[in-house]
Amino acid sequence: MTTAIDGITYPLIFQIFKPKNRLKPGDKYKTKPQIAIDMIQELKEWGFKIKLVLADSLYGES
């Protein structure tokens, strides 16, 4: 998730997607939409008011 200030975007938080075949013992699989929902919920807990969420549909498939 990023924020834009004066036309410059800054990362707020990020999570790494791991395909099922790359998980290590103890890792929990999450789809890309699940990861996005987790990040949005965390940002809301931090007090961010989210009006719009954009996604790049050309980046991988889910």
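Visitor: How many aromatic pairs does a search of the whole structure find?

Guide: A pair of aromatic rings is described by the distance of the centres and the angle of the planes. Rings of Phe, Tyr and Trp (its six-membered ring) pair if their centres lie within 6.5 Å; planes under 30 degrees apart count as stacked, over 60 as edge-to-face and the rest as tilted. The search of the whole structure finds one aromatic pair. This pair, F17 with Y29, is edge-to-face, with 6.3 Å from centre to centre and 70 degrees between the planes. Both F17 and Y29 lie in the loop between strand 2 (8-11) and helix 1, so the pair ties together parts that are twelve residues apart in sequence.

Visitor: What should I know about the model and its numbering?

Guide: It is a predicted model, in which local features need pLDDT of at least 70 and side-chain atom pairs count only at pLDDT 80 or more, while totals for chains, interfaces and linings use all residues. Residues are numbered from 1 along each chain as its sequence is written, and side-chain values use heavy atoms, with hydrogens and water left out.

Visitor: Which charged ends sit over the rings of F17 and Y29?

Guide: A charge sits over a ring if NZ of Lys or CZ of Arg is within 6 Å of the ring centre and within 35 degrees of the ring normal. The charged end of K20 sits over the ring of Y29, 4.9 Å from its centre. The ring of F17 has the charged end of K32 over it, 5.1 Å from the ring centre.

Visitor: Which residues of helix 1 are buried, and which are exposed?

Guide: An α-helix has 3.6 residues a turn, so residues three or four places apart point the same way. Buried means under 20% relative accessible area, exposed over 50%, and partly exposed in between (1.4 Å probe, protein chains only). In helix 1, the buried residues are I35, M39, I40 and L43. They cover an arc of only 135 degrees around the axis, taken from the directions from the helix axis to the C-beta atoms, which puts them on the same side of helix 1. K44 and E45 are exposed on the other side of helix 1.

Definitions and conventions: Helices (H or I, at least four residues) and strands (E, at least two) are DSSP runs, numbered from the N terminus.
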